[in-house]
Amino acid sequence: MPIVARWNGAEIARSDDTVLIEGNHYFPRQDVAAELLTTSATTTVCPWKGIAHYFSIRVNGAVNPDAAWYYPDPKPAAEEIRDRLAFWKGVEVREV
């Protein structure tokens, strides 16, 4: 069953190939609507995954800041999430 991420009435991502870590589905980059994302300067550090970078989501004139994150250079223990994005901040992620 595909997993879908939606926010503000728009489908942001859909994939049959997510990786579930710590309750978050990480979507392959190619399965995410890149035109809805804008780069953010925000970064955070996870001790076992590495440095997370963020995107804000823009849909129908509304912005959800830092609502998507990814690890461009994950630590070895998290290599399976390289080139994948996850969502939070009100983004609905569920099976369809």
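Predicted model: local features only at pLDDT ≥ 70, side-chain atom pairs only at ≥ 80, totals over all residues.
**Contacts and overall build**

I started with contacts, meaning heavy atoms within 4.5 Å: among those in the protein with a separation of 6 or more, 46% are between residues 24 or more positions apart. Numbering runs from 1 along each chain as its sequence is written, and side-chain values use heavy atoms, with hydrogens and water left out.

Next I looked up the secondary structure, taken as DSSP runs numbered from the N terminus (helices are H or I, at least four residues; strands are E, at least two).

Along the principal axes, the C-alpha atoms fill a box of roughly 35 × 35 × 20 Å.

For burial I used relative accessible area: buried is under 20%, exposed over 50%, partly exposed in between (1.4 Å probe, protein chains only). Buried residues make up 45% of the 96.

**Aromatic rings**

How many aromatic pairs does the structure hold? I get four. Rings of Phe, Tyr and Trp (its six-membered ring) pair if their centres lie within 6.5 Å; planes under 30 degrees apart are stacked, over 60 edge-to-face, the rest tilted.

I took Phe-27 and Phe-87 as one entry: they are edge-to-face, at 5.6 Å centre to centre and 65 degrees between the planes. Phe-27 lies in strand S4 (residues 24–28) and Phe-87 in strand S8 (residues 84–87), so this pair ties together parts 60 residues apart in sequence. Both Phe-27 and Phe-87 are buried.

Then I looked at Phe-55 and Tyr-70, which are stacked because their centres are 5.0 Å apart and their planes at 20 degrees. Phe-55 sits in strand S6 (residues 50–59) and Tyr-70 in strand S7 (residues 62–70), 15 residues apart. I have Phe-55 as buried at 8% relative accessibility, and Tyr-70 as buried at 14%.

Which residue lies over the face of Tyr-70? It is Arg-29, at 4.8 Å from the ring centre; the test is NZ of Lys or CZ of Arg within 6 Å of the ring centre and within 35 degrees of the ring normal.

Last entry: ring pairs link Tyr-26, Trp-69 and Trp-88 into a cluster.
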